[in-house]
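Reader: Please take a close look at the salt bridges in this model, and describe the partners and their surroundings.

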Amino acid sequence: GSLPPQVRLCIEPEQLRAIVTVMLLTADGPRGTATSSSALPCDEELQFELSFPPQYPHRAPKVAQLSPDGRLQVKNIPLERLTDLRWRPAMGVGDILVDLVQSL
């Protein structure tokens, strides 16, 4: 699948991870639609890390929010699609990113 327009993706295959940047836009933001019910300023960027286990795609990746400088994980993001019961090897990174954006 294609990436949501407010998402940038930087894949680091040698580290088994991808860095995801999501722009949160308000309903009246100039470049997109509302993606968050919280009162965040227009164009705030959040960074996330998708870490892929060596058994990927048979095991789901993990998603963690990163600090603004991108150096530290500040919290894990539970996505229902990434649970052992819901994960399927045919699911792609695009599916995960759509779920991530919808959860914000």
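Author: Five salt bridges turn up in a search of the whole structure, a salt bridge being a side-chain nitrogen of Lys or Arg within 4 Å of a carboxyl oxygen of Asp or Glu. The model is predicted: local features need pLDDT of at least 70, side-chain atom pairs count only at pLDDT 80 or more, and totals for chains, interfaces and linings use all residues. Residues are numbered from 1 along each chain as its sequence is written, and side-chain values use heavy atoms, with hydrogens and water left out.

Among the five salt bridges is the one between R17 and E12, whose closest N and O atoms are 2.5 Å apart. R17 also meets E49 in a salt bridge, at 2.7 Å from N to O. E49 belongs to strand β3 (residues 44–51) and R17 to strand β2 (residues 17–24), so this pair ties together parts that are 32 residues apart in sequence. Strands (E, at least two residues) and helices (H or I, at least four) are DSSP runs, numbered from the N terminus.

On accessibility, buried means under 20% relative accessible area, exposed over 50%, and partly exposed in between (1.4 Å probe, protein chains only). E49 is buried at 9%, and E12 is buried at 18%, whereas R17 is partly exposed at 22%.

Another salt bridge joins R81 and D99, with the closest N and O atoms 2.5 Å apart. This pair links distant parts of the chain, 18 residues apart: R81 sits in the loop between β5 (73–76) and α1 (93–103), and D99 in helix α1. R81 is partly exposed at 22%; D99 is buried at 17%. Through shared partners, salt bridges join E12, R17 and E49 into one network.
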